[in-house]
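Trainee: Please take one part of this model and go through it closely with me. Then place it in its wider setting.

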Amino acid sequence: MKVLKFGGTSVANAENIKRVKDIVQNSVKEQKIAVVVSALGGVTDLLLETALLASHQNEKYAELLQEIEKRHIDTIRELIPVSSQSKVLSAVKREFNVLETLLEGAFLIGETTPKLSDKIVSYGELLSSFIINEYFEAEKLNSVHKDSRTLIITNDNFGKGIVDFPTTNQLCETYFGTVSYDIVVVPGFVASSQGGNSTTLGRGGSDYTASIIAAATNAQKLEIWTDVSGMYTANPRLVKQAVAISEISYEEAMELSHFGAKVLYPPTIQPVLAKGIPMHIKNTFDPEAKGTLITKNSNGTKRAVRGISHIENIALLSLEGSGMVGIPGISKRLFEVLSTGEINVVLITQASSEHSICLGISQDDVRKAGYLINEAFAYEISLGKIKPSIVENNLAIVALVGDNMKSHQGLSGRMFSSLGMNNVNIRAIAQGASERNISAVIDLKDVKKALNTLHEKFFEDNIRQLNLFVMGVGNVGAKFLKQIEQQKKFLKEQMKLNVRVIALANSRKMVFDEGGISLKKWQELLDNGEKADIETFVNKVNELNLRNSIFVDNTATELVANTYGDYLKNSVSVVTCNKIASSSVYSNYVQLKYLSRKYNAPFLFETNVGAGLPIIDTLKNLIASGDKVTKIQAVLSGSLNFVFNNFNDQTHFDIVVKQAQEEGYTEPDPKIDLSGIDVMRKILILARESGHVMELEDIENESFLPQECLNTDTVDEFFESLVKNKDHFDAIYRAAASKGHRLKYVAQFENGNAKVGLQEIPEGHPFYNLEGKDNIVLFYTERYAEQPLLIKGAGAGADVTASGIFADIIRIGNF
Ligand code: ADP
Ligand code: ASP
Ligand code: MG
């Protein structure tokens, strides 16, 4: 014999039940089968709700009951031919009349007892199994309905009956040993007490019914048909990358289900394990899928970690105090109290100092547990030897599970470091002596991130997903998006990085898509997005709480720069080409660096100096390896370079500046470039990155502009002043040219002092031949004392800036 169990979704409606029939029909060709069914999907919850409403004397219960009835009637009408419908309909209506009477009782008294609740809720599977059997019969299957209350006997612990196995096994053996039908349809979940009252086996208990019958009848196989293709490496609803585990041992399956893999009700495994009956989890909606085979010795991959599961709604309860140290019997008393109160302890940790014991329990039990413990230890508490129990709510447990974990070192290290990198705070840790499970208690809000982080670490062959939140889609931003799109495949295949853009914003609109924004049509998606708002953007990024999140700032806006701290504090890395934050007051710069370290979130701004040139990264590597910078000499302004490369005695200074402005080499207000402010910011950042405390005001700036030009208020006035001072600029040129020198705008840092200004550069100097918008930096250090380390290349332009941002993102990917 074989036992097939179909869950709530599998029998949710007529269409699904027809699939069930096909599966059963295929199976029965080989042997007899028992078909265990759940209530129509969602009906158990609805029945519990009607009972609750009735017990609160809320008349809405009657409406809800009608809805439930209608669902059953509709299903019958769709499944069963009209000719045989009336018999089935009237039988079902009779049952609903009884149910109505029960609920009326609850309504009148204003309460439901656990006993009445079980009675009410048992109708879910009693009705579904009845209807399904009638349908099978109508389809000419050799099928019979058998009420499981005559097969499975429990004590009268209503809500979760404890099975009387000797009696149950006997009843099942006798019945299935003699039944002559090919198919027996049995309601899952429900049973009967010795006294003949309806009981239930606990939520999700239909799996257990099937396992009990399989074990009692020595079935050849137990199949659990559900709505997913097996037991997955993590809950597939929370981890998109999760995959079905093809083979797994009973113990691993038990551990995963105990720690929250709802696909299997935990007690299910014990009966079949005892008999060595293989269990197969299959998908009703994809019967061809391989599913998960659960056996004694699974031959699946030898991966150490087989799955990751989690339990929500956990609370931590701790008991601590000096009175616990070295005194035997404290834990015994504690666990006795909890056991008497029927409180299930999910996780226990005790420090070796014995100073505290910490328990993970269901949040529903917190009040009761706290009360019982404080009462039991009242004497010690009154003496101050033990503190009243402390409770922390809104937690969850995530657990790594695998038989082979014991023979692998470093797993917990990898587990906790990857969680730590993503700012998942760990409140308690437990590892079973079997080493089949490592559990961590974390905040409920971090569950999804933690599961995905761990899944990535242990199952995705080291492919890291980087989640980007991009603000600013102008010249640089647009180029950047294009580069990501072009490189996506390469990054995934060659660098094991899966880069996704989750959000985009410009000054008008913003768009979010947790699944990743299509980079082929980002413009259209953004245009149709919601109204942009910097603060809402920050909040959304932090609420999404995705692993490996990176905020990318392609703007030049101070308001955006002011939000970096809010990202870093939530472990969201920041990559920016916006210089404002790094060149703002020193305290802000160090604060951002501090947050970056504290929350393990890189803060990178390579493109602040020399666009895509690897200047800051090189400097960081020098410092990290113990070198000391003694002097920096650099030409860091593409725009000023353009101006002085084109200005000579044949041209007019104001016309060259105008041309630079028109070709987009300067800021919209060229005074910002010509006055040297932009270069001051850059040398300030290099000085700070070399380890010096410096403010913008500390930098000497001997402007080559006459005071009159500096005093102008508008761009037009500025140009007028350049025309007026033509002689001044011509003189500067002539002075240099007469010596065969060229004019370069140089930034210099030496002995803790920085200055910027126009210099006459002689032939032979590394700056002399600097072309177009090239930048150059010379680092003189203790190790590069004689000949400086030199970096040179295009230092402006959207393409190179975008690739610099890209490089920062890859750095984070490899972090
Ligand atoms: P049924 O009604 O068929 O008994 P359940 O809803 O009880 O189905 O269990 C199936 C669900 O379990 C899946 O839809 C999935 O959301 C959830 N689940 C949680 N963890 C896992 C896991 N590790 N593998 C597969 N499913 C899981
Ligand atoms: N119908 C019951 C529940 O929803 C039992 C089951 O489906 O396994 O808990
Ligand atoms: Mg289930």
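Mentor: Start at ligand 2. A polar side-chain atom of Glu125 sits 3.1 Å from one of its nitrogen atoms. That is a polar contact (N or O atoms paired within 3.5 Å). Before going on, note that this is a predicted model, where local features need pLDDT of at least 70 and side-chain atom pairs need 80 or more, while totals for chains, interfaces and linings use all residues. Residues count from 1 along each chain as written, chains are lettered from A and ligands numbered from 1 in written order, and side-chain values use heavy atoms, without hydrogens or water.

Back to ligand 2. Arg203 also reaches the ligand with its side chain: a polar atom there lies 2.7 Å from a ligand oxygen. Ser206 uses its backbone instead. One of its backbone N or O atoms is 3.0 Å from an oxygen of ligand 2. Taken alone, ligand 2 exposes 260 Å², and the protein buries 86% of that (Shrake-Rupley areas, 1.4 Å probe).

Which residues are around ligand 2? They are Ser38, Thr44, Glu125, Phe189, Arg203, Gly204, Gly205 and Ser206. Each has a heavy atom within 4 Å of the ligand. By class, this shell holds one nonpolar, five polar and two charged residues. Asp, Glu, Lys and Arg count as charged; Ala, Val, Leu, Ile, Met, Phe, Trp, Tyr, Cys and Pro as nonpolar; the others, Gly among them, as polar.

Now set ligand 1 beside it. Ligand 1 has 16 residues around it, and Thr226, Asp227, Tyr232, Arg237 and Lys262 come nearest. The side chain of Thr226 places an N or O atom 2.6 Å from an oxygen of ligand 1. Tyr232 contributes a backbone N or O atom, 2.8 Å from a ligand nitrogen. Taken alone, ligand 1 exposes 570 Å², of which the protein buries 90%. Its shell has seven nonpolar, five polar and four charged residues.

Next, the wider chain. The domain assignment gives domain 1 (2-227), domain 2 (307-459), domain 3 (464-611) and domain 4 (615-793). The bounds come from an automatic or database assignment. The C-alpha centres of domain 2 and domain 4 are 60 Å apart.

Then the charged pairs. Side chains of opposite charge can pair when their charged atoms come close. A salt bridge here needs a side-chain nitrogen of Lys or Arg within 4 Å of a carboxyl oxygen of Asp or Glu. The count comes to 33 salt bridges.

Take Glu139 and Lys21. Their side chains form a salt bridge at 3.1 Å, N to O. The pair links distant parts of the chain, 118 residues apart: Lys21 is in helix 1 (residues 14-28), and Glu139 is in the loop between helix 6 (123-138) and strand 3 (143-145). Helices (H or I, at least four residues) and strands (E, at least two) are DSSP runs numbered from the N terminus. Glu139 is partly exposed, at 30% relative accessibility, whereas Lys21 is buried, at 11%. Buried means under 20%, exposed over 50%, partly exposed in between (1.4 Å probe, protein chains only).

Helix 6 also carries Glu134. Its side chain meets that of Lys87 in a salt bridge of 3.2 Å, N to O. Lys87 lies in helix 4 (residues 82-109), 47 residues away from Glu134. Lys87 is exposed, at 51% relative accessible area. Glu134 is buried, at 11%.

Lys579 is in the loop between strand 23 (573-576) and helix 21 (586-598), and Asp678 is in helix 26 (residues 677-689), 99 residues apart. Lys579 and Asp678 are both buried. Shared partners also join Glu606, Asp617, Asp808 and Arg811 into one salt-bridge network.

Why is helix 23 (residues 638-646) called largely enclosed by the rest of the structure? Because seven of its nine residues are buried. They are Gly638, Ser639, Leu640, Asn641, Phe642, Val643 and Phe644.

Last, two backbone points. Most residues other than glycine have a negative phi. Asn600 has a positive phi of about 55°. Asn600 lies in the loop between helix 21 and strand 24 (603-604), and is partly exposed at 31%. Ala611 has a positive phi too, about 45°. Ala611 is in the loop between strand 24 and helix 22 (615-624), and is buried at 4%.

Key: Polar contact = N/O pair within 3.5 Å; in protein donor to acceptor, adjacent residues only side chain to side chain.
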